[in-house]
Each structure stands twice: as C-alpha cells, then as structure tokens.
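Dear colleague,

Please find the structure below, together with its sequence. My notes on it follow directly after.

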Amino acid sequence: MVVISPVRKQVINPIGARLVVTFPSAWMGWGAGYADIIKENKLFEAYYQELGLVPEGEFDQFMAAMREPLPATIRITGYKSHAKEILHCLKNKYFKEIQEVEIDGQKIEAPQPLSWYPDELAWHTNMSRKILRKSPLLEKFHQFLVSETESGNISRQEAVSMIPPLLMKIEPHHKILDMCAAPGSKTAQLIEMLHSDMDVPFPEGFVIANDVDNKRCYLLVHQAKRLNSPCIMVVNHDASCIPRLQIDTEDGQKGTLFYDRILCDVPCSGDGTMRKNIDVWKKWTTSNSLHLHGLQIRIAVRGVEQLAVGGRMVYSTCSLNPIEDEAVIATLLEKSEGALELADASVDLPGLKWMPGVTKWKLMTKEGQWYKDWSEVPVNRHTQIRPTMFPPTDTEKLANMKLERCMRILPHHQNTGGFFVAVLVKKAPMPWNRRFPKLRKEQSSSSVPQPEDSPVGTPLPETPLEDGERDGGKEAGEDSPKEPEAGDQAKESNVCGPPPNKKMKRHGFKEDPFVFLTEDDPVFPPIESFYDLSPDFPKINVLTRTHEGKKRHLYMVSKELRNVMLNNSERMKVINTGVKVWSRNSDGEEFGCAFRLAQEGIYTLFPYIRSRMITVSVEDIKILLTQENPYLSKLEEDAHQQAKKMGMGSIVLKYRPDNSNPDGPQCPIELCGWRGKTSIRAFVPRNERFHYLRMLGVEVFRDKQGQGPREEEKEVKEEVKEGETENGNKDVSPKQELRGENRGDEHLKGDEREGGGENLTST
C-alpha cells in the first residue's frame, strides 16, 4: 500500500527499509518524534460525523481508538510445516514465560491470536520495545522477534493489511498480479499461499508484483526474497497503464496473459492509518481523496481489464472515505454493464468485525462546502470534482450493485487500523473490449488473433480517464526507435534483456539481463554428474545475470514465469526474479563441480538431487549449527559413516521427522553444507541457524558480555548492513544484493580451520 502525502515520503530508501524490517517500528514506544503533534483534526471529525459511517453512539469510541497507538501485530510466515513449528515454539515457550512477568508491579499481557486469521498464525500485543527490554525473559523474546523477522519466518504486518490476500482464495495454479505491491507484506502472503504444498517445488501459478516507485521495488524484492520462491517476479510500472503481457499457449500460438487473481491495493489518503502514521492528523484534508479518486479508478479499470473471466480482484484501501472506496467500486460496476459483480465475502473470515458498504454519501471540500449531487457542483469546481465521486442516482441500478457487500473495518471494533476491502468477480469480458476491438500492428502483421477481452480499448465515457493513460492501443514506447544493443539482445534466443534504453531513462537503475541457459550449456554436465540430478530436472528454467564471462550464480524460475519473461522483454521492466540455487566455488573444480549449493534455493532444488546427501539426526544438526568446522567424528555413527564414504565438496544435510521422538521437529529440514577433508560444516546464515536451533529445542540467547543495549543493537544492525557469512567471507552490500549485483567469486574452503569447533551460539 502506498499512502500519499505524509507516508510515501518516509519509506523510499531500500537500504533504510532493510533496517526497518530488522527492527520493526511497532516494537518501539510511541511518542518519539511526534511530541509536538496533537491528535486532533476538526475537519476530519466533522466530515466523518456527517457521513454517518460509524454506528450511532460509537463515534466517541471511534475517535478514542484513533488516538491510541496501534497494537504491534506479527504474522508467522513461511510454508505450513515450518510455520507450525514456529507457532509451537511461540506458544509453548515464549508466550508462557511472558505470562509470568511483572514490570513495575504490572503483569505483562501475553500476545493474543487474531480471532479471524486462520490457524492462529497472526498475533497482536500492546507491548512496546521499551517494555520488551526491561526483563531478561522479555529480552529473549525480543531477540527471537528480531532474528526470526530477518530470516523471514515472522513478519511485522498490520492486522487489517492481512485481510485482502485471505479474500483472494489463492490456489497453487493461479496466475496472480499485485498491482501496487510495495512494501511487500501482502505479496509475501500471496507467495505463501501459492506454496501451500511444500512438496511441489514449482507450483503452476506465479506472482507478478508491481510498483510504480523504482526505489520501493527494492524493498519489495527484500520482502519477497525472504521466502525463496522461484515463482515471484518484481516489475516496475505505473499500475494505471501496466502493459498487457503475451505468453506462448499450449497450441504454440501467442496469447494474452490474463490473471486468475489480482490484488488492487491502490494509493490512498491513508486516514485509516492515523494510529501509526501520526503525521496524517495534521495533514488530512478532503482534497487528498478528490485528487486520488481518478487515479484509483484508472488502476482498478486496468486491473479488471487484465483479469480472466471467472477471476477475482480484491480492491482495498487504508482509507475510510467513500470517495476512495464505494465511489470507485460503483464506477467499475456501472461501466462494466454486468461484467463485474461484488462477491459476498461475509462468511470468508469468521470472527472479523466489519461494517457493510454504504449506498449514500456526500462530498465536502477542504473549505467545508458540502455537495450531495453532481448537479450542485459549480462549473469552476468541475476539474476537481467529478460525477463518479457521487452515488449513482438510479435507485434500481444502485440496489443491483449490492454495495453493502463491501467491507469497512473500523478501528474501535477490534483494536485495529481503518480499512476498506471489496471482492469483485468477473463474469464476462468488459463491454468496451467487446465493442471496440483494436488489433495491434505487430499482431495484425503476424496474423495472431486478438483475444475477445483485449485490454486495448477507447477511454470509458463519463469517467475521468485520460487519453493515453490506459494503453489506448499502444503500450509505452511500443513504436519508439530501439537502441541497437537492446534490440539485438531481445532477438537473442533465451534472453530476457532489459527494455530498450529509451525506456530505461525514465527512472531507476539499469538492471542486468536475465539470460536463460540452453539444455546443452556446458555448465550442466559436471553439475548433473556431481549431484546426480534426476532426468526431469528443468534445465531450461535456469538463468544467470550476465552475457559474458564466467557464470557466478545460477538462478531458477518456474516454467510459467520463463514463458512470461521470454515473450515480454521489451514490454516490462523486470527488477528481480528467480531464486539462487548454485554459486560458483573455484575450489570445487578440483572435486568435480565448480558450483556449490545455495541455501536460498535448497527447497527448490532438493527434489531433483539424488546424491551428495547425508541423513542427520537432531544431535548432528545441533553440532553442525553451533560449531564452525567440526570433525567428522563428532557426528553420530550413522551420519559419520555416510560422510566418510562421500568425497569432498558441496553436500545436502537432510533431516526427517522421527515419529518416536515427538519433541523433535515434525517437519523436514534440508541444509547446505560442505564435506571437507576431515571436517564438515553447514553453510547457513546466522539468523537461519538460530531459527533451526529453536526448532530443535536449543536455547538461543546472545549474552551482552558487558555491552550496553545500544551497542548490541548496533552490532545486529551492522550484521544486516555489512553481513559476514559463516565461512568468513564478506557478503555483498544490501544495495548490491537487492540489485542483483552479487557477482564475486566465493572461495569456500572446507578445511580452513579444521575441527575448529568455534561456538556460534550459547546453548
């Protein structure tokens, strides 16, 4: 969600955003930096009192809730089996300890699950960071939150922000578009739903996450990368004219990509976020909604144009204003002439309290002037106020829209932020596509038939859509002259190069190309032999980020995303895609393979690997994750014998649940490692080590050793910023990592410190 005016300016730096993710602002006490802001806005109160959106007798409660700090909310992320282990750890260890803690004579209230979120995977608490640090027990909980957030297993996400993905009813085969995706918390939910079955490495569906702000796209990349999915692609476009994409169909023809699910979480005035974005109190006026209404309609129209018949689009805002909510939905329904209908989502989230959408509302200017109907608006206001901002005047048509199916969440009902959400189902192609078919030049010349529901069309009558803003027959730069190099790259087989330079000058960095490897690429034979890859391994889904020189890293995407990328290299600006599965290790060549396994892609790659695997026990994993370079003899007998028979090089450490040990992890674990001459080690990032150790029941707690709280905090921040891998080599900077510029050779020697046994954690 992008909140215009006060909020958007605060979250545009991808590096700073990385630190925000590590230290969620919700854990901080409120008031710092906002001491001079009085939580009062007479215009806001007068406006919402007059509209009557709040039930009678509840307005004082509504305003009191708006002035209270927003509860901190966490969501357990990741895929189902690991999420259950984290939930078990939280409920049976940290939450129980918190219940016994008293600070300043007051008993700490333990976090409570959100009643409407499935499987108790979302929790909220009123504890501030200051309180969290007052007790050693709470300090452990705080370290748990910081560590698990960085490793991607817990996300700080506002409660109401979790609602739209739940209403989309995602299935693993769905093609999903997130139109205004940054900062990415909802996108992460979509990815998780796509991977609901962990045994399927490549779901048929995918998520294309878009944002108009180039810098915010890197924050989006950071969020998505924590889930290590080969089915996510981040792109950078204006959502109101996001290009339609082509794909190869099963019959070998070119077809238009239509999405099964679309999340349309549009830019808004953000008056539902006053509890966390205090600036909104002094900056809110009704003008914000008037200025955004047209953009919201254009984005929503572009969304339904690209939605498949039978698909669902969820429209949402963090605004309570009907001008941004029901007015946009009513405009879509009226112009769709029956092609769209509002779905009844009342039973989809039992336990969630919400108010039905309204059918009557008025409009107020920032000077306090009210208008009930378009006919009352003076001519000199017609450029700021449009007919679509008012309710439909035809009572029968208004009743058929069933606007009461829209859902408005009020802050005082369940101690949340304010929110609006509506679920639209597409029953037929949009009418302007049926009436005004318009063939693209490139299609007519190649005799490719135009789909009936083409997103190309004339602007809608009586809607504030500007010519040229809705892809009216041309996509951006379609007929512009191409730079020779970019054009040549695009024509190369298996290359999804960057768009022509003329487009790239708009904003942002110039991204490295995405180069797909061919099945006969010389890089594959040694990899196939060393890891004994199964014959069905999809080699054509492997890509790299360079045309020339040695391939430093190999990434994988799903077959469907590969199809999208190869057919649309000049239509879209791709920021990032793919999960890293192998990294070059020059020392590995002497052992038969120059590429070691990457932990990020192990769950994608594991189903295809048939050798280089060592089955380990709980005790083995404890040794591997707490000691830097243990001797082989430190493993239990079974794992020790497996390791002795295996040559040096990259390995997979595999754990499977033991039914006879109910206290051990009840989910499979795969870790990347290295078999040295006489030792063995796990190549797992620090926070992931902590995560797995917690799953094994090991107490993980970093003693301060005389350091003050701020010094320890600084240490953790520096780990995030600079990064030291467990093999002693420096990681790339966060900016390079987000931009996909991690190209350095990694020299990973398995026996640099034979049997060093350096303790990484206190156990």
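A residue is called buried under 20% relative accessible area, exposed over 50% and partly exposed in between, with a 1.4 Å probe and protein chains only. By that criterion serine 185 is buried, at a relative accessible area of 12%. Serine 185 belongs to helix α8 (residues 185–194); helices (H or I, at least four residues) and strands (E, at least two) are DSSP runs, numbered from the N terminus. Leaving aside residues up to four places away in sequence, serine 185 touches Arg75, Gln157, Ser161 and Gln223, where contact means heavy atoms within 4.5 Å.

This is a predicted model, in which local features need pLDDT of at least 70 and side-chain atom pairs count only at pLDDT 80 or more, while totals for chains, interfaces and linings use all residues. Residues are numbered from 1 along each chain as its sequence is written, and side-chain values use heavy atoms, without hydrogens and water.

There are 19 aromatic pairs in the structure. Rings of Phe, Tyr and Trp (its six-membered ring) pair if their centres lie within 6.5 Å; planes under 30 degrees apart are stacked, over 60 edge-to-face, and the rest tilted. Phenylalanine 537 and tryptophan 582 are edge-to-face, because their ring centres are 5.9 Å apart and their planes stand at 70°. Since phenylalanine 537 lies in the loop between α19 (524–531) and β22 (542–544), and tryptophan 582 in strand β25 (residues 579–584), the pair ties together parts 45 residues apart in sequence. Both phenylalanine 537 and tryptophan 582 are buried.

Yours sincerely
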